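Here's a quick briefing on the model below.

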Amino acid sequence: MLDACAELVDEVGYEGLTTTLLAERAEVAIGSVYQFFPDKRAIVQALTLRTMESYLQRLNERFASDDLTHWWDGVDAGIDEYITMHRTVPGFRTLHFGDVVDLHLLDEQRDNNGVIADQLARVLTERFGMADEPRLRFCLEIAVEAADALIKLAFRRQPEGDERVLAEAKALIREYLHRQVDARAEAGQPS
């Protein structure tokens, strides 16, 4: 059902998605849909959670490789995976991490990009030994918001993403985080 939901969201958008359409596409009875999901929001939430788990798994695989030698390589990997998911994962270009449906779809207390920033902070601190401090999480939240907006712009401009905008997004995020994270560490200040 989640695969059918992803296909439909790409075709008709979130607003056009109905449980009836989902049942037809998934070739199941409408009662089967309601057995697992009370409404279309719950279906999209399950799809979004699956997508976030996939994103984090992809990041963990990239971070496990020896190709990443500095934390900014990890940031680049995070952006690259986000771009790849826009291009390859059904439903992702429309739903992203659920912000189309609800800014708090992943967590009732935090907005979706804040949840993603927390996950990135966890991965960066584990892989690169960065201090897991509130300042790092704050800077990553700013970076995620900026990257998200610019990547969406790139995909509005061109179906596969405007490479110039994507390159600028990566440069902007890297420079911002370098100033906020590396510069503070070099000055002996907590990040």
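Predicted model: local features only at pLDDT ≥ 70, side-chain atom pairs only at ≥ 80, totals over all residues.

A residue counts as buried under 20% relative accessible area, as exposed over 50%, and as partly exposed in between, with a 1.4 Å probe and protein chains only.

Residues are numbered from 1 along each chain as its sequence is written, and side-chain values use heavy atoms, leaving out hydrogens and water.

**The whole chain**

- The chain has nine helices and zero strands; these are DSSP runs numbered from the N terminus, with helices being H or I over at least four residues and strands being E over at least two.
- Read from the N terminus on, the element order is simply α-α-α-α-α-α-α-α-α.
- Of the 191 residues in the chain, 44% are buried.
- Taking contacts (heavy atoms within 4.5 Å) between residues at least 6 apart in sequence, 61% join residues at least 24 apart.

**α2 and the annotated stretch**

- The UniProt entry, which is unreviewed, annotates residues 18-37 as "DNA-binding region"; UniProt positions are given in the numbering used here, feature names are shortened, and such annotations may be inferred rather than shown by experiment.
- That span is 75% helix and 0% strand, and its end C-alpha atoms lie 12 Å apart.
- Which residues of α2 are buried? They are Thr19, Leu22 and Ala23.
- These residues sit on the same side of α2, because they cover an arc of only 100° around the axis; the arc is taken from the directions from the helix axis to the C-beta atoms.
- The cover over the buried residues of α2 includes α1 (2-16), α3 and α4 (40-64).

- Glu27 lies in the loop between α2 (19-26) and α3 (30-36).
- Most residues other than glycine have a negative phi.
- Glu27 isn't a glycine, yet has a positive phi of about 55°, and this comes just after α2.

**α4 against α5**

- Two packed helices are described by the angle between their axes and the distance between the axes.
- The axes of α4 and α5 (residues 71-88) come within 10 Å and cross at roughly 135°; axes here are lines fitted to C-alpha atoms, for helices over the stretch in contact, and angles run from 0 to 180 degrees between N-to-C directions.
- α4 and α5 are therefore oblique to each other, given that angles under 35 degrees count as roughly parallel, over 145 as roughly antiparallel, 65 to 115 as roughly perpendicular and the rest as oblique.
- Thr51, in helix α4, is buried, with a relative accessible area of 8%.
- Leaving aside residues up to four places away in sequence, Thr51 touches Met85, Phe92 and Phe97.

**α5 against α8**

- The axes of α5 and α8 come within 11 Å and cross at roughly 35°, and this crossing is right-handed.
- Ile79, Tyr82, Ile83, His86 and Arg87 in α5 meet Asp148, Ile151, Lys152 and Phe155 in α8.
- Is His86 buried or exposed? At 3% relative accessibility, His86 is buried, and its place is in helix α5.
- What does His86 touch, not counting residues up to four places away in sequence? Its partners are Phe92, Arg93, His96, Ile151 and Phe155.

**Two spots further along**

- Gly129 is in the loop between α7 (112-128) and α8 (134-157), and is exposed at a relative accessible area of 62%.
- Gly129 and Trp71 are 58 residues apart along the chain, with their C-alpha atoms separated by 9.0 Å.
- Ile142 belongs to helix α8 and is partly exposed, at 37% relative accessibility.
- From Ile142 to Gly114 the C-alpha to C-alpha distance is 8.9 Å, and the two are 28 residues apart in sequence.

Methods. Left-handed = near helix turned anticlockwise from the far one by under 90°.
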